[in-house]
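This report describes selected features of one structure. The sequence and the model come first, and the text follows.

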Amino acid sequence: MKCEKCKSREANTHIKKVVNGEYTELRLCSECAKALGYDNVFDLEMPDMFGGLLQSFFTGALPARSGASRCPECGSTYGDITNTGKVGCAKCYEAFYSELLPSIKRIHGSASHCGKVPLRAETLEVEVNSAENELKSLKTQLQKAIEEQNFELAATLRDKIKEMEAEK
Amino acid sequence: MSDAVIISSRVRLARNLRDYPFPNRMSTSQGEEIAEKVREVMCGKDFCGYKFMAVKMEDLSEFDRVAMVERHLISPEFAAPDSKKLLITTENEEISIMVGEEDHLRIQVIIDGFELEKAYEIADRLDTELDKKLHFAFDKRLGYLTQCPTNLGTAMRASVMLHLPALKESRTVARIAANLSKLGLVIRGAYGEDTESVGAMYQISNQVSLGISEKSAVENLRSITEQLVNSELKTRESMMQSFEYQDKIGRSYGILITARLINHKEAVRLLSNLRMGICEGLIEGVDLATVDSLMLKIQPASLMRLKGTRLSPEERDRVRAEIIRSELRPR
């Protein structure tokens, strides 16, 4: 589909808004979108939140290192997530846990849930497994970081492994 | 006392079904399947002591959909017609569930007045019952899993809608906004964008949802709201000493009951002045509920919905003035 403004470039930005009681949709190319002040799509799609900040949160995240380049469940890559600001499915949080963690910490100032827990025994079982997986994945990453002489990352990973092992 | 300042309380929970991808990765048929499941669980019988009805967004007219945005029942995003989007509500619209918004389910409870705990209690009960049938995605570390990481954890957004004309006039709102963000809360204009609100209506909500329990988030919001209410009332008291301000309120009422054409922005601004005049005992014979319902009714799509037809902006200004005159006429 062509951009509705310049009618030449391919449209890749979808804008939905309500102005004066009328619902309108616009399909624009990124250049026209930017010229019209829509360069930050997050602000428009998520008026309820502070999504506009999100992309900058993501860009500071660690590069993909867990070896799981695609989510086994929905097929999202970490790049898909940072580009759209949207996570693909519940499993993505497991698959890209270490990549997402810095962004999550920056947004919330914390990365450990406290509050309601659903009344399901099976959740616990799944949890133990996913913690095991996480530990395994971290150890692999640590090995790799050491091989690549990326000591800063290695130190961060080592601390996290320690922390997780202490929790067990 | 708090009626003068607090309009309504709202709690919203985001939930996703464990066995389906999030809305941005799901197919149309998966989306319809989820909508059908939720409908089956909630509709056609008593659910948690409430009677729910469901409507597909694609079956509604544009006025209906946009009017829902105007009365804060749904998000602008949800107003787009789409076969995956299903809205489930109680008859009075106090409780609503958007199915197929940014998350599979958005459970929302809006109650007039300062009723945060009650709103949370209802949302919590619905969530627990729904989870038994739908199995929501949850992780012990990250809490409820949501499409956008900003909602992780409790996936709860609690908010109160406040009328703060005196704090707006004294330019205190901007200063408060800076301090609130340090407490993990955010304030924004309920009509229009950012903190410069038309009609001095503001919404305060929690910004952080991971690492803080529902109970503490609600308590934080409650205590900040109480402080804001007190400082609003104190500022009003001193403001009302000035004849200039009393005159402004009297004139606003005068225009509202006599105007033949009035645009939305002007109407909201004058209704806001009138609302304060009523609360401060300057204007009698009009009750707050009438003003609050007018604020909602006179929005563009809501007007067209009321008249059942498309109206040009000029026609809307005429119809708006007519409705305001008839509802505010001294009895």
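## Cores, a helix and aromatic rings

Not counting residues up to four places away in sequence, I97(B) touches M42(B), F52(B), L86(B), L87(B), I88(B), L105(B), R106(B) and I107(B); a contact means heavy atoms within 4.5 Å. The model is predicted, so local features need pLDDT of at least 70 and side-chain atom pairs count only at pLDDT 80 or more, while totals for chains, interfaces and linings use all residues. Residues are numbered from 1 along each chain as its sequence is written, chains are lettered from A and ligands numbered from 1 in the order in which they are written, and side-chain values use heavy atoms, with hydrogens and water left out.

I97(B) is also one of the residues with the most contacts inside the largest nonpolar core, which has 61 residues; M42(B), F52(B), I88(B), L130(B) and I204(B) are the others named. The largest share of this core, 8 residues, comes from α3(B). Apart from it lies another core of 36 residues, among them Y245(B), I262(B), M276(B) and I323(B). A nonpolar core is a set of buried Ala, Val, Leu, Ile, Met, Phe, Trp, Tyr and Cys residues joined through side-chain atoms within 4.5 Å. Buried means under 20% relative accessible area, exposed over 50%, and partly exposed in between (1.4 Å probe, protein chains only).

Helix α3 of chain B covers residues 116–134; at 1.5 Å a residue its 19 residues should span 27 Å, and the end C-alpha atoms are 26 Å apart, which agrees. The expected span is 1.5 Å times one less than the number of residues. Helices are DSSP runs (H or I, at least four residues), numbered from the N terminus. Buried residues in α3(B) include L116(B), Y120(B), L126(B), D127(B) and L134(B). After α3(B) comes H135(B), whose phi is positive, near 55°.

Over all chains there are 5 aromatic pairs. Rings of Phe, Tyr and Trp (its six-membered ring) pair if their centres lie within 6.5 Å; planes under 30 degrees apart count as stacked, over 60 as edge-to-face and the rest as tilted. Two of the pairs are tabulated here.

| Pair | Centre distance | Plane angle | Type |
|---|---|---|---|
| Y78(A) and F96(A) | 6.1 Å | 40° | tilted |
| F138(B) and Y144(B) | 5.0 Å | 70° | edge-to-face |

Y78(A) and F96(A) are both buried, as are F138(B) and Y144(B).

Technical notes
Helix = DSSP H or I, 4+ residues; strand = E, 2+ residues; numbered from the N terminus.
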